[in-house]
Amino acid sequence: MYLKWRKGCHGKGMIYIKCPKCLKKFSRSLKSNSQIVKCGFFKRNSDRKIVQRYYCTACKKHFSSATFSDCFNQKKRHYNCKVAQLLVSAVSLRECSRVLKINRKSVVRKLIFMGKKAKIDLDKFNNKLPIAKEVLFDDLETFEHTKCKPVSIGLMVEEGTRRVLGYNIARMPAKGLLAKISVKKYGKRIDERPKKRAELFNEMKNLVHDRAIVKSDECPYYFKFIKRHFPNASHITFKGRASAIVGQGELKKVGFDPLFSLNHTCATLRARVSRLIRRTWNTTKKPERLDLHLAIVCLFHNRNLKSYLPSPAAG
Ligand SMILES: [Zn+2]
């Protein structure tokens with residue numbers, strides 16, 4: 001499985017050593033006239049790694065090569081990747097804690113840590129690749145706590161490669177039969193979709209070509225956003241069709257599906273994120289956590305796409 005997380009977890013790859021107090025940088029080779037001197041080692045409890053300690057003679061400060069690491073102060077850093085691997089494999093947070101035999105609060109902390117990291121890495125990954133000339137856009141619906149509090153996930157995917165360019169999470173009011181019950185039980189719910197959609201389209205300006213082809217379903221609200229943010233793009237709409245039982249209701253029943261790249265990605269997300277599976281009893285309690293969970297899954301999805309896998313020669 002190609003699941004490579006960001007390097008630098010253990011302070012490797014640092015060319016310079018920086019004193020945390022006076023913030024002066026020195027080369028790692030430490031010449032004799034350097035104000036930083038080596039000062040022994042310590043063995044880290046969590047992964048039994050030997051870490052170099054340093055001493056700044058100017059400000060009398062002790063520090064180590066792990067001081068500036070992303071995982072600084074973490075007691076269970078060896079679980080970070082394991083939790084991320086389980087979270088992209090349709091395992092719920094509680095099941096994850098049972099499998100790894102750690103507390104569920106630790107799992108949440110790992111989700112937050114890896115999610116924030118994945119968000120940065122997803123941006124970097126997408127910015128490295130050429131800008132998309134044909135994209136698909138749609139909303140995927142889920143809920144927080146109860147079906148009376150629906151949440152919408154706006155998703156933009158590149159045509160053909162199925163690369164996730166971006167997504168956004170917005171609260172929305174309940175529809176249909178649940179609308180009245182929802183208002184009675186939980187009060188009026190604000191519709192965040194227009195604001196969040198505008199934010200997503202704004203972010204996408206760096207990743208999508210100015211004259212791109214944007215494909216979507218016949219939702220009347222998309223038109224003005226695409227016109228406002230991509231005035232030179234051509235917008236093509238397709239009629240919604242009956243969904244098949246397979247593919248979590250995202251794949252279509254018969255014939256050629258013009259929005260296949262997006263629908264297939266949505267089906268993958270539903271299969272990979274335990275809280276998005278249809279008819280599940282797992283629910284999202286906080287949309288912010290759903291956001292971080294999706295970041296981990298989208299990064300994993302993008303890195304595992306055949307077209308973007310590094311060639312064997314390149315290592
Ligand atoms: Zn110093």
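Q: Where is Arg275 found?
A: Arg275 sits in the loop between helix 7 (260–272) and helix 8 (287–303); helices here are DSSP runs of H or I with at least four residues, strands are E runs of at least two, and both are numbered from the N terminus. Keep in mind that this is a predicted model, where local features need pLDDT of at least 70, side-chain atom pairs count only at pLDDT 80 or more, and totals for chains, interfaces and linings use all residues. Residues are numbered from 1 along each chain as its sequence is written, and side-chain values use heavy atoms, with hydrogens and water left out.

Q: Is Arg275 buried or exposed?
A: Arg275 is buried, yet has no salt bridge. Buried means under 20% relative accessible area, exposed over 50%, and partly exposed in between (1.4 Å probe, protein chains only). A salt bridge needs a side-chain nitrogen of Lys or Arg within 4 Å of a carboxyl oxygen of Asp or Glu.

Q: Which side chain of opposite charge is nearest to Arg275, and how far away?
A: That's Glu288, 9.3 Å away. For charge, Lys and Arg count as positive, Asp and Glu as negative, and His and the chain ends are not counted.

Q: And what does the side chain of Arg275 have a polar contact with?
A: His293, at 3.2 Å. A polar contact is a pair of N or O atoms within 3.5 Å; within protein, one must be able to donate a hydrogen and the other to accept it, and residues adjacent in sequence count only if both atoms are side-chain atoms.

Q: How many salt bridges does a search of the whole structure find?
A: 15. One of them joins Lys117 and Asp70, with the closest N and O atoms 4.0 Å apart. That pair links distant parts of the chain, 47 residues apart.

Q: Switching to the zinc ion, which are its protein donors?
A: Cys19, Cys22, Cys56 and Cys59, each through SG, 2.1 to 2.3 Å from the zinc ion. Donors are N, O and S atoms within 2.8 Å of the metal (3.2 Å for Na, K and Ca).

Q: What spacing do those donors follow?
A: C-x2-C-x33-C-x2-C along the chain.
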